[in-house]
Amino acid sequence: MVVFAVCYTIGNIIALSGTFFLMGPLSQLKKMFAMTRLIATIVMLVALVLTLMAALWWDNPGLTILFVIIQFVAMLWYSISYIPYARDAVKKCAEGCMGAV
């Protein structure tokens with residue numbers, strides 16, 4: 001579990017760092033902390049740290065899995081924030097699925 005959590009988190013950090021080369025570090029940081037992405041960015045960064053803490057320091061597999069899931073969802077939400085109207089489409093799809101139940 002520890003190896004998976006560490007590798008998964010490092011992979012997400014590398015993926016996030018890779019965008020620095022595409023846009024430039026300063027431009028990427030400005031876009032990351034823009035008001036439209038601020039909450040997604042904070043949740044994503046906190047989830048990265050908490051995943052490592054749960055795996056390495058707290059040695060709690062349940063929390064590690066929970067934080068990996070949160071990390072995945074936060075990274076997904078952060079990533080689709082760069083696609084125009086993607087968040088609106090996901091919200092409408094979720095509303096449609098919830099309305100059908």
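In which helix is A55 found? A55 belongs to helix 3, which covers residues 38–57; helices (H or I, at least four residues) and strands (E, at least two) are DSSP runs, numbered from the N terminus. The model is predicted, and local features need pLDDT of at least 70, side-chain atom pairs count only at pLDDT 80 or more, and totals for chains, interfaces and linings use all residues. Residues are numbered from 1 along each chain as its sequence is written, and side-chain values use heavy atoms, with hydrogens and water left out.

The chain contains five helices and zero strands, and from the N terminus on its elements follow the order α-α-α-α-α. The C-alpha trace spans about 45 × 40 × 20 Å along its principal axes. Of the 101 residues, 25% count as buried, where buried means under 20% relative accessible area, exposed over 50%, and partly exposed in between (1.4 Å probe, protein chains only). Among contacts with a separation of 6 or more, 58% are between residues 24 or more positions apart; a contact means heavy atoms within 4.5 Å. The accessible surface of the chain comes to about 6700 Å², and 78% of this belongs to carbon and sulfur atoms. Accessible areas come from the Shrake-Rupley method with a 1.4 Å probe, and for residues only the protein chains shown count as cover.

A55 has a relative accessible area of 4% and is therefore buried. Apart from residues up to four places away in sequence, A55 touches V2, A5 and T64. The C-alpha atoms of A55 and F4 are 9.1 Å apart in space, although the two residues are 51 residues apart in sequence. V2, a residue of helix 1, is partly exposed because its relative accessible area is 32%. When neighbours within four places in sequence are left aside, V2 is in contact with A55, L56 and D59. V2 and T51 are 49 residues apart in sequence, with a C-alpha to C-alpha distance of 9.5 Å.

T51 also takes part in a polar contact, in which its side chain lies 2.9 Å from the side chain of Q71. A polar contact is a pair of N or O atoms within 3.5 Å; within protein, one must be able to donate a hydrogen and the other to accept it, and residues adjacent in sequence count only if both atoms are side-chain atoms. Q71 is placed in helix 4, residues 61–80, and counts as buried because its relative accessible area is 0%. Beyond its neighbours within four places in sequence, Q71 is in contact with Y8, T9, N12, A47, L48 and T51.

M1 lies in the segment before helix 1 (2–23) and, at 46% relative accessibility, counts as partly exposed.

The unreviewed UniProt entry annotates residues 6–26, 38–58 and 64–83 as "transmembrane region". In the model, residues 6–26 are 95% helix and 0% strand, with end C-alpha atoms 27 Å apart. For residues 38–58, the end C-alpha atoms lie 28 Å apart, and the span is 95% helix and 0% strand.

Terms used
UniProt positions are given in the numbering used here, feature names are shortened, and annotations may be inferred rather than shown by experiment.
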